[in-house]
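Thank you all for coming; I would like to take a few minutes to walk through one structure with you. Please have the sequence and the model open while I talk.

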Amino acid sequence: METITQTNRTILFAEMNPERLNLVTLIGDVRGKNSLDDDKIKEINEELVVSSFEEFLEKFTPVVYSWCDAASSSIQYSLVKPENIPDNCITEIPLNESNDLLNMLITLLGAKGAQGVANVDFKFSNVLDMISPKKIMGDIRQVRREIQYTYGKYMELDEGDPKRLDLGDKLNYQFEQASQNYNNVLAMLPLAIEDIKTRLLLGDGETKQGGQDFKAGLLSMGDDGELKILEMKQEESTQLAVVDDHINTSLKETFKEDYDELNEAPSDYVRDLVVRTFCPLGSTMESAVDTEVEVSNYNNYLEFYKKSKDDFVKAVKPLIEKILGVKTFFDQYQVKEKGMQPKLLISNASLEMLVKSSNLPRLLTYLNTTNDKNEFENTIWYGIVPDVELNQSAGGKLQRIRFAGNQKVEKQGTNSMESLAILMNALLPYKITTFFSFCTGEETTFNYVATEGIEIFKDKCTPLMKQDYSEFVVPCIPNATIIPKDKSGLILDKRMIMDEEGHVMLSEEKEDVMKMWLEGIYINAAYEAAGIVAAWQCPEYLKERFNNTSSEYPGVRFDVEADDNALLAATSMTKEISGFTNAIKNSINHTGFGFVFSSDNAQYKGREIKNITVYKARNLLSNGTEFEPIYKTLVVTYIERMLRFYSGDFKQDKILKFFSSNPSSQKSRWDADRQHVNSILQDGDELDFAIDEKNGICNVQVTFSNVTKNLKVQLTRKVGDK
């Protein structure tokens with residue numbers, strides 16, 4: 001580990017935020033250059049390399065852009081900033097852990113992991129409810145409590161008191177968080193919806209309030225002991241409110257001023273809504289309510305919110321899935337003591353953009369710098385290509401539409417098999433094992449594989465087989481399901497109605513229930529596969545799971561398919577189904593195709609394994625009967641890089657020392673240290689070499705259980721040698 005300090009740096013070929021710098025831009029013009037200087041590599045690392053999901057969100061700040069279309073009276077969304085719309089008409093909605101949709105999905109991932117139950121038994125509706133107006137208002141109430149508590153403490157202290165200044169800093173931060181949605185009407189709609197319900201129904205409707213005018217009262221006991229509820233007089237009501245009002249009045253004024261300062265064209269209604277949201281007390285200041293107008297507003301808000309939220313989800317789902325993919329990559333590295341922590345270089349450019357003939361030289365120049373030198377800190381070992389098009393349901397017979405059915409919508413941002421082939425051909429000299437997966441959807445899930453098998457995926461990969469680069473291409477199946485399509489519905493709320501007597505209530509009619517569908521949320525298997533392989537490269541990761549781990553070696557020789565290795569080094573993802581049938585497993589085992597995840601029931605020493613495990617870890621290199629395990633390619637790549645380093649770029653005399661029988665030679669040390677789960681050479685493995693003097697080539701043979709892989713390196717001869 002002293003020579004090659006990492007074997008898990010990964011490059012992601014995907015765009016996350018088109019407004020941020022990308023790899024193509026940062027590399028720049030490379031005409032006449034063979035490599036990049038150290039300053040440029042440092043700049044690329046600072047801009048594009050991340051070590052955690054939190055750092056990714058901070059560096060790339062993924063956003064969705066929204067603007068209002070007056071012609072259609074709707075809100076439009078785009079992942080690309082529109083250039084023909086004034087900036088003051090565009091709202092940036094950050095996709096971070098404060099975003100209700102992303103926060104809900106991350107919470108759902110955690111809840112599934114904590115419960116360890118399959119999709120069929122998990123109550124998705126309980127977590128989906130998090131993006132309903134009711135639950136969003138619940139989050140606001142917590143923010144409100146914190147602001148009121150801090151403000152109350154702040155007002156108790158004298159001006160200049162250091163503690164008051166500390167509380168002032170805290171209030172500034174809390175107001176900043178609260179103010180981010182002042183001019184985002186869509187973000188204010190859930191508040192408006194719940195605000196009207198609170199004022200008209202005295203609750204969220206679940207308490208069955210409403211239908212009768214409310215009058216404040218006090219519980220008392222009559223002379224004969226009879227319990228009575230007496231109407232509270234207005235003076236008493238006012239007197240009770242005064243205690244809250246002296247603090248609340250000041251806080252209300254502060255929110256009013258803050259709203260006006262941050263909005264060039266303030267709305268009286270939104271200003272009052274902000275004040276009511278964050279300062280609900282002070283009953284002495286409530287104005288009269290026009291019930292009919294409020295009911296109409298409520299229903300309009302709810303309708304508009306549903307339509308806007310539907311459109312928002314459709315626009316943002318591809319980016320959300322990529323964000324969750326990055327989280328999944330880092331989630332695989334679960335260790336107490338961090339060692340070789342995985343790092344992800346995000347190209348922030350689409351694959352199509354990167355493989356253009358005008359841009360490919362830039363990528364190659366960068367890889368010349370990172371992967372073709374005896375400096376291994378920046379060496380790229382793995383690649384991720386998500387969303388490769390499957391084209392499974394193309395065509396089809398035209399038919400008359402009699403009932404509402406699925407509308408086939410072409411998924412945006414997919415990668416073609418041709419682009420992937422161009423990339424792999426370019427990456428071949430740099431020996432980057434690249435994990436790719438097909439487009440997310442119902443046709444690439446565990447459920448699909450469990451019923452249909454893997455033949456469709458194998459057929460689709462045919463163009464990538466029998467190529468020079470085949471051993472570096474790893475198809476990953478199936479994709480992970482976060483929310484199944486048929487369980488992705490959530491109830492936002494019910495429409496409000498008013499009877500002839502002016503009583504207000506929530507409708508119980510089925511057609512008045514406002515429901516929306518997320519249409520399923522998935523994660524590309526390539527993120528999970530690259531993440532788990534990057535994780536098991538770290539000796540600390542292996543040490544926490546296997547007693548026989550050496551701190552001297554990375555996990556390049558770790559064979560996940562051997563023994564119970566897959567059960568001990570399971571993924572972070574929870575099992576989705578009860579498993580594959582024996583027929584499906586026999587089909588997978590027949591040739592060992594792909595990097596296949598398993599959701600089977602399994603136990604290890606009486607402990608139930610509740611997580612998805614790796615069933616096969618193969619690339620597309622085939623000997624005619626089966627595909628090759630990825631560890632063989634990794635070991636050969638590792639040996640080549642170690643040989644290049646210790647031989648001074650393949651000098652013959654130093655190669656002889658590398659392979660000599662001297663106990664201190666590298667080969668001898670590997671030979672004598674075979675007992676570890678991550679030993680470079682293990683039982684049944686052999687390492688040998690032969691020098692072809694005539695052609696100046698060293699042929700290295702690495703044998704894994706009677707299967708030999710050949711590595712040819714060009715010798716560096718001294719001046720005068722022939």
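The loop between β24 (697–704) and β25 (707–714) is the place of N706, where helices (H or I, at least four residues) and strands (E, at least two) are DSSP runs, numbered from the N terminus. N706 is not a glycine, yet its phi has a positive value near 75 degrees, and with a relative accessibility of 75% this residue counts as exposed. On that scale, buried means under 20% relative accessible area, exposed means over 50%, and partly exposed lies in between, with a 1.4 Å probe and protein chains only.

Before going further, a word on the model: it is predicted, so that local features need pLDDT of at least 70 and side-chain atom pairs count only at pLDDT 80 or more, whereas totals for chains, interfaces and linings use all residues. Residues are numbered from 1 along each chain as its sequence is written, and side-chain values use heavy atoms, with hydrogens and water left out.

As background, most residues other than glycine have a negative phi, and most peptide bonds are trans.

Stepping back to the whole chain, we have 23 helices and 25 strands, and 52% of the 722 residues count as buried. The largest nonpolar core has 201 residues, of which F435 and F595 touch the most other members; such a core is a set of buried Ala, Val, Leu, Ile, Met, Phe, Trp, Tyr and Cys residues joined through side-chain atoms within 4.5 Å. Helix α11 (residues 291–331) gives this core its largest share, 16 residues. Beyond its neighbours within four places in sequence, F435 has contacts (heavy atoms within 4.5 Å) that include Y382, V474, C476, F595 and I630.

How does α11 meet helix α3 (residues 53–60)? Their axes come within 9 Å and cross at roughly 145 degrees, the axes being lines fitted to C-alpha atoms, for helices over the stretch in contact, with angles that run from 0 to 180 degrees between N-to-C directions. From α3 the contact takes F53, F56 and L57, and from α11 it takes I323, V326, K327 and F330. The buried residues of α3 are F53, F56, L57, K59 and F60, and besides α11 they pack against elements including α2 (38–48) and α4 (100–115).

Finally, how many disulfides does a search of the whole structure find? The search finds zero, a disulfide being a pair of cysteine sulfur atoms within 2.5 Å. C461 is an example: the closest cysteine sulfur, in C476, is 9.6 Å from its own sulfur, and that is too far for a bond. C461 is also buried, at a relative accessible area of 0%, and C698 likewise counts as buried at 0% relative accessibility.
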